[in-house]
Amino acid sequence: MDHKQTIAQLEEEIAHLQSENLKLKAQKESAEEKLSAALDGTGLCLWQQYIPTGELTIFNREWGDLLGFTEQELAATIDSWKGNLHPEDRDWVIAAFDDHVQGKSDTYQAVHRMIHKDGSVSWVSDRGRIIEYGPKGEPLRIMGTHIDITQEKRYELSLAKLAHGDPLTHLLNRKALEKAFCENQLAEDANGGAMFFIDLDGFKSINDRHGHRFGDLLLIHVADSLRSIVGEDAKLARMGGDEFVILHPSCDVERLANVAQKLLKRYHLPIKLDGKLVSIGLSIGISLFKGDDEFIAVCEHADTAMYEVKRQGKHNYGFWQEPLICASR
C-alpha cells in the first residue's frame, strides 16, 4: 500500500470515527433530555462529585435551581453546597458525607435544611455512594440524588403544629400542655411550679353581641397579652372556649401574685378592639404543685380556685388551698 492509499484510509477511518462520535453525542443528548423530562417537576436531581477536585456535575437541572440561584450565581462545587447548608445542620451533614467518603459508612444519607436565596428554608433529602475508586483504593467519584422535600416537610410540620397547638391563638392545646407538665415532673431537677386557670368574664355576652369573628379577635388579644406579660419561662395554653392556662415554673407566691395582678391590670379598663370598646374580666385560679403531683389533680385544684374567684365577684385571682381564700382586690 503506497503513501497516498495509507492517507486515504486514515482519512476514511477518521471520518468514520467522527461520524460515530457525533452519533454518540446525539444519543447522549437524547438520553439527557429524556432523563431531564422524566425528572422535571419531581424535585429530584442526580449529582456526581469528582472527589479529588470537589467538582459537582448535575445531570438534570442546573445547580442552585432548588435554592433560587442561576448557574452563574452559584457554581457547582462542594464548597458552594457546604456554604448554603443551614447553620444548624451544617456540621452533622458534612460529617455524614465525610464518614462515607472515608469508608466509615456504607452510604451517605441526610435529610437536612438549606438556605434559599430569599432567606427562606428549603428541605432536601440527600443520598449518595462511592461508585469509583483509584488504583490505591482512594475514592474518586460519588453519585447520588438530591430531592426537594420542602412542601412535604412544611405539611408535616403544619400537622405537628395542629396536633399540639391551638390553631386560633397559636398557644399550646390541652394535649401539649399535659405533655409539657409531665416532662417537667420527670426532670431530674423537678421542683414543681404553679398552674394558672383563667376564665374570661363576660366573654359569652360579647361573643353573642358582636359575633364569632370579634370573639376570635378577643381570644387572640388575650393570648397576646399572656405572652407579653408572662414571658418565655412559662408554658401557655388555650384549653378550649375562653379558658386559658399558664404553667409557671415558679412556686414563689409573691412572684405568682405579681403576674396575676399584671394580667388583671391589663383588663381593668375597657379595651378598644376592631373599632369597638369592650370590657372583659379575668377570673384566675392558681394551684401550686410539687414534683410528684399529677396533671389532672393540679388542673382540678386550679379550676376550683378559679370558680371560687367567680363566686366572690370575678376579675380577681385566688390560690387553691383549704379553706379557699380569695385575694383581696
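Is R113 buried or exposed? R113 is buried, at a relative accessible area of 17% (buried is under 20%, exposed over 50%, partly exposed in between, with a 1.4 Å probe and protein chains only). This is a predicted model: local features need pLDDT of at least 70, side-chain atom pairs count only at pLDDT 80 or more, and totals for chains, interfaces and linings use all residues. Residues are numbered from 1 along each chain as its sequence is written, and side-chain values use heavy atoms, without hydrogens and water.

R113 forms a salt bridge with E88, at 3.2 Å from N to O (a side-chain nitrogen of Lys or Arg within 4 Å of a carboxyl oxygen of Asp or Glu). E88 sits in the loop between α2 and α3 (90-101), R113 in strand β3 (residues 108-115), 25 residues apart. Helices (H or I, at least four residues) and strands (E, at least two) are DSSP runs, numbered from the N terminus. E88 is exposed, at 59%.

By this rule there are 12 salt bridges. D166 pairs with R238, their closest N and O atoms 3.2 Å apart. D166 lies in the loop between α4 (150-164) and α5 (174-186) and R238 in strand β7 (residues 235-240), so the pair ties together parts 72 residues apart in sequence. D166 is buried, at 11%. R238 is buried too, at 15%.

Now take a pair within one helix. D208 and K204 meet in a salt bridge of 2.9 Å, N to O. They are four residues apart in helix α6 (residues 203-210), which means a separation of about one helical turn. Both D208 and K204 are exposed.
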